[in-house]
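Please read this briefing alongside the sequence and the model shown below. The points are grouped by topic, from the overall fold to single residues.

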Amino acid sequence: MTGTLDTSDATPVVDRETLLVELVDEQGRTQGELSVAVAHTAPGRLHRAFSILLFDATGRVLLQQRAAVKTRFPLLWTNTCCGHPEPGQAVVDAAAKRLDEELGLTADLSEVGTFIYQATDPNTGRVEFEYDHVLIGRPEDITPRPNPDEVADIAWIRLDALAEDVAAEPARYTPWLSGVLDTITARH
């Protein structure tokens with residue numbers, strides 16, 4: 001996959017490992033809070049997260065390749081944007097903020113479902129154990145301005161071609177992307 005990066009207006013990166021995440025139970029009910037670093041230390045603690053997938057007018061989806069400095073699954077391809085709401089923060093608000101921070105984009109986002117996944121990064125030993133809210137939308141401007149501290153590359157791809165490639169070459173993608181695609185497919 002190839003894309004074109006315009007990094008002219010990149011937002012400075014913050015130490016995201018010190019931010020707080022909201023711990024939840026398997027029904028998504030709040031159970032407390034921990035720092036990102038502690039929540040992602042083995043064996044991992046179930047916490048609220050979100051994954052965004054943006055579509056253009058032709059139905060293609062925007063993917064990003066995670067930056068090399070990411071502590072979990074660096075340089076793998078994934079959905080448009082993902083992150084964690086702060087404890088008590090509305091998921092859609094957190095997602096909109098993160099979308100702007102990572103890609104310089106705004107979009108009207110809507111939640112289409114949730115799923116739980118757990119995965120250990122074999123290279124870093126960090127653990128994802130997330131109650132993931134899946135959001136979709138259309139960007140107001142289809143010219144992303146990726147923050148190079150967050151995003152290594154971007155690409156637009158047809159949803160069916162993406163699903164085929166994730167099934168054929170899962171090691172190129174983050175472990176949660178298949179759950180995002182399953183959630184979107186169940187909705188459409």
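Helices (H or I, at least four residues) and strands (E, at least two) are taken here as DSSP runs, numbered from the N terminus. On that basis the elements of the protein follow one another from the N terminus as β-β-α-β-β-β-β-α-β-β-β-α-α, which amounts to four helices and nine strands. The model is a predicted one, in which local features need pLDDT of at least 70 and side-chain atom pairs count only at pLDDT 80 or more, while totals for chains, interfaces and linings use all residues. Residues are numbered from 1 along each chain as its sequence is written, and side-chain values use heavy atoms, with hydrogens and water left out.

**Overall fold**

- The C-alpha trace spans about 40 × 35 × 30 Å along its principal axes.
- With contact meaning heavy atoms within 4.5 Å, 69% of the contacts between residues at least 6 apart in sequence join residues at least 24 apart.

**Burial and surface**

- Residues are called buried under 20% relative accessible area, exposed over 50% and partly exposed in between (1.4 Å probe, protein chains only), and 51% of the 188 residues count as buried.
- By the Shrake-Rupley method with a 1.4 Å probe, in which only the protein chains shown count as cover for residues, the protein exposes about 8700 Å², and carbon and sulfur atoms supply 51% of that area.

**Salt bridges**

- If a salt bridge is a side-chain nitrogen of Lys or Arg within 4 Å of a carboxyl oxygen of Asp or Glu, the count comes to 14.
- One of them joins arginine 126 to glutamate 17, with the closest N and O atoms 3.1 Å apart. This pair links distant parts of the chain, 109 residues apart, since arginine 126 lies in the loop between β7 (107–120) and β8 (127–139) and glutamate 17 in the segment before β1 (20–24). Both arginine 126 and glutamate 17 are buried.
- Aspartate 25 and arginine 29 meet through their side chains in a salt bridge of 2.7 Å, N to O, and aspartate 25 counts as buried at 16% relative accessibility.
- A salt bridge of 2.7 Å, N to O, also connects the side chains of arginine 172 and aspartate 165; arginine 172 is partly exposed, with a relative accessible area of 27%, whereas aspartate 165 counts as buried at 18%.
- Salt bridges that share partners join Lys70, Arg98, Glu101, Glu102 and Glu150 into one network.

**Helix α4 and its packing**

- Within helix α4 (residues 177–187), the buried residues include Leu177, Gly179, Val180, Leu181, Thr183 and Ile184.
- The buried residues of α4 pack against the strands β3 (47–54), β5 (77–78), β7 and β8, and against helix α3 (159–168).

**Glutamine 118**

- Glutamine 118 lies in strand β7 and counts as partly exposed at 47% relative accessibility.
- Leaving aside neighbours within four places in sequence, glutamine 118 is in contact with Pro43, Val127, Glu128 and Phe129.
- The C-alpha atoms of glutamine 118 and alanine 171 are separated by 16 Å, the two residues being 53 residues apart along the chain.
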